[in-house]
Amino acid sequence: MRTIRSSSFLYGSALLGISVVLVKILGAVFKIPLAGILHETGMGYFTSAYTIYTAVYALAVSGLCTATARVTADYAARGYRLSPVFRASMILFCIIGISGSVLAVLCANLLAGMMGSPDTFYSILAVAPAILFCCVMAAFRGYYEGLSDMKPTAVTQVIEAAVKVLCGLTGAFLVMQYAKTAFLAGEPVFGTVWKTWEALEQNMLPFASAAAMAGVSLSTAGGCIYLFLHRKKRMIPRGNKPIKTRSVCKILLRTAAPVAVAAGLMQLCAMIDTLTIQTQLMIAEQTPGNTLAEKFGAYLAPSEELHTFLYGALMSCMTLFHLIPAFTAVFSKSALSCITRAFSGGNREEKNRAIRNLFFMTSLVSMPAVFGLCFLAKPLLTLLYPSLPGMVESCAPVLPVLAVSSLCMAFFVASQTVMQAVGKQQVLLPVIAVGAVVKLVCNLWLVRLPHVHIMGAAVGTLACNFLMVWYGLLSVCRVTGGSYAFLREAKKPMICGFLCGICAFFAEKALTNASQNSIITFVSIACGAGVYGLSLLFLRVFRLPTVFFGRKHAEKSKNT
């Protein structure tokens, strides 16, 4: 039977989980109407500039925020004063943020030219302030996460998403509405009287995109405002041991550097697909005797190319791949401070218990999702993309491979968190680099084979992630003193997840042709979820009173 004694761990994970769901919903509310306002060309401007923002955001969250959380938890456990930690992180991150924003402004024209889209210049200018605000939020969030207070992070994520929806959509709409009103009235727009609305619309799209991107910058500013107000209400815990701000800055840089490098290498793994898949698919198309055109030619639009079609289908499928690690990452973020405090305090039993809790919760959430994607691959794709039968046909065999790969990624993120918590974040850098090389080799070798095509990219992702998680779990084993007890936490959730998937599979087969496909898929998912919950109770992973009343329950043994 399972015990999780750290209420802060569960409470923080729950807050972050709820915020992730809300952010995903608000993200869809933002992007779908925005596409209707900007159309394909305007979304091209927006996406090009948004790529810069997401790269900076990933660096701020994975590098700066994690470093601050780790150092804060470490010093809190050892009784140091924490005000110098917050001061040092704020000074350091403000310098980085200001430098990044100024650099983005100065290089906006150069970046737009490198992207092959000069009109993206205005959108890059609009997103430049967000770099500073992201760094400021990283200092706040990391500090509070180090104190096991996940509320500021969860709230600011929702505030960012909500303000982005409100200001971004409003800004883009008002720019286009201003242009339309002036055109209908025969008035000049930016000093020019336009003869046709189509010509004016194309010239206004860069400014509408910039207005939407300004909403992104305002969303990060809104998050900063909340964090400043929250800090005034919260007392900073005081320790007895003094420490110099300069010393903390040095430690923060040493901690953040390997974490940021790891994040960069992970981004490189993602870029490998972008750089290699389409070129290798073109080689596959030109291979004599290939049957790709026969398989997928009927799904192509008149001007659509086969390699572009298959690549787009795979990228749409990758959305499901990213969901599982995104949800399990909330447990890693919440567990970081718990593991760090136990490690810094020399409490080996508490440290190992926190590690077991992390892997248990990761397994509990990921296993039913992975087996569900494996057993219901085609029905789920049909449910999500009913108007894209070609994507369903090409990706149905690929999704189970990506599902297993996402499980590896979820466990690797947990392993990475443990190594960061004990100050050994640099240990995993070589295996990430080797994993990127393995992925590159697989893409270059397999994707060009006509009978493999995009399945080769999925196999490359699986090989890369499997290698990383294998080494990551070995590293965690060394941290826990050679004990594999933390891996036993995945055993029962894995059994329950398999039962969930197999039940959903047979339910879907039994109901075939009995109703609409979407209803059958929903019923199958519900059956699988019910079996998962019952099997958790039957295998005594949880007791019924715990589920309904939240009572604590004893461990089955001290070693499990």
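Reader: Why does V21 count as partly exposed?

Author: V21 has a relative accessibility of 37%. Buried means under 20% relative accessible area, exposed means over 50%, and partly exposed is in between (1.4 Å probe, protein chains only). V21 is therefore partly exposed at 37%. This is a predicted model in which local features need pLDDT of at least 70 and side-chain atom pairs count only at pLDDT 80 or more, while totals for chains, interfaces and linings use all residues. Residues are numbered from 1 along each chain as its sequence is written, and side-chain values use heavy atoms, with hydrogens and water left out.

Reader: In which element is V21 found, and which residues make the nonpolar surface patch?

Author: V21 is found in helix α1 (residues 7-77); helices (H or I, at least four residues) and strands (E, at least two) are DSSP runs, numbered from the N terminus. I18, V21, L22, I25 and V29 make a nonpolar patch of about 400 Å². A patch takes residues with over 30% relative accessible area and no salt bridge, joining nonpolar side chains (Val, Leu, Ile, Met, Phe, Trp, Tyr) within 5 Å and like charges within 9 Å. The areas come from the Shrake-Rupley method with a 1.4 Å probe, and for residues only the protein chains shown count as cover.

Reader: What makes the patch of K244, R246, K250 and R254 a positive one?

Author: The patch is formed by K244, R246, K250 and R254, and Lys and Arg count as positive, Asp and Glu as negative, with His and the chain ends not counted. The place of a charge is NZ of Lys, CZ of Arg, CG of Asp or CD of Glu. K244 is found in the loop between α6 (197-233) and α7 (245-286). With a relative accessible area of 64%, K244 is exposed.

Reader: How many helices and strands does the chain have, and why is the chain called as compact as a globular protein of its length?

Author: The secondary structure comes to 19 helices and 0 strands. The radius of gyration is 25 Å, close to the 24 Å that the globule rule gives for 560 residues, so the chain is as compact as a globular protein of that length. That radius is taken over C-alpha atoms, and the rule is 2.2 Å times the number of residues to the power 0.38. The C-alpha trace spans about 75 × 60 × 45 Å along its principal axes, and 50% of the 560 residues count as buried.

Reader: What makes the contact of E145 and K333 a salt bridge?

Author: A salt bridge is a side-chain nitrogen of Lys or Arg within 4 Å of a carboxyl oxygen of Asp or Glu. For E145 and K333 the N to O distance is 3.6 Å, so the pair qualifies. The two residues link distant parts of the chain, E145 in helix α4 (residues 121-146) and K333 in helix α9 (residues 306-344), 188 residues apart. E145 counts as buried, because its relative accessibility is 3%.

Reader: How far apart are the closest N and O atoms of E489 and R356, and are these residues buried or exposed?

Author: The closest N and O atoms of this salt bridge are 3.8 Å apart. E489 is in the loop between α16 (485-488) and α17 (491-510), while R356 is in helix α10 (residues 348-375), 133 residues apart. Both E489 and R356 are buried.
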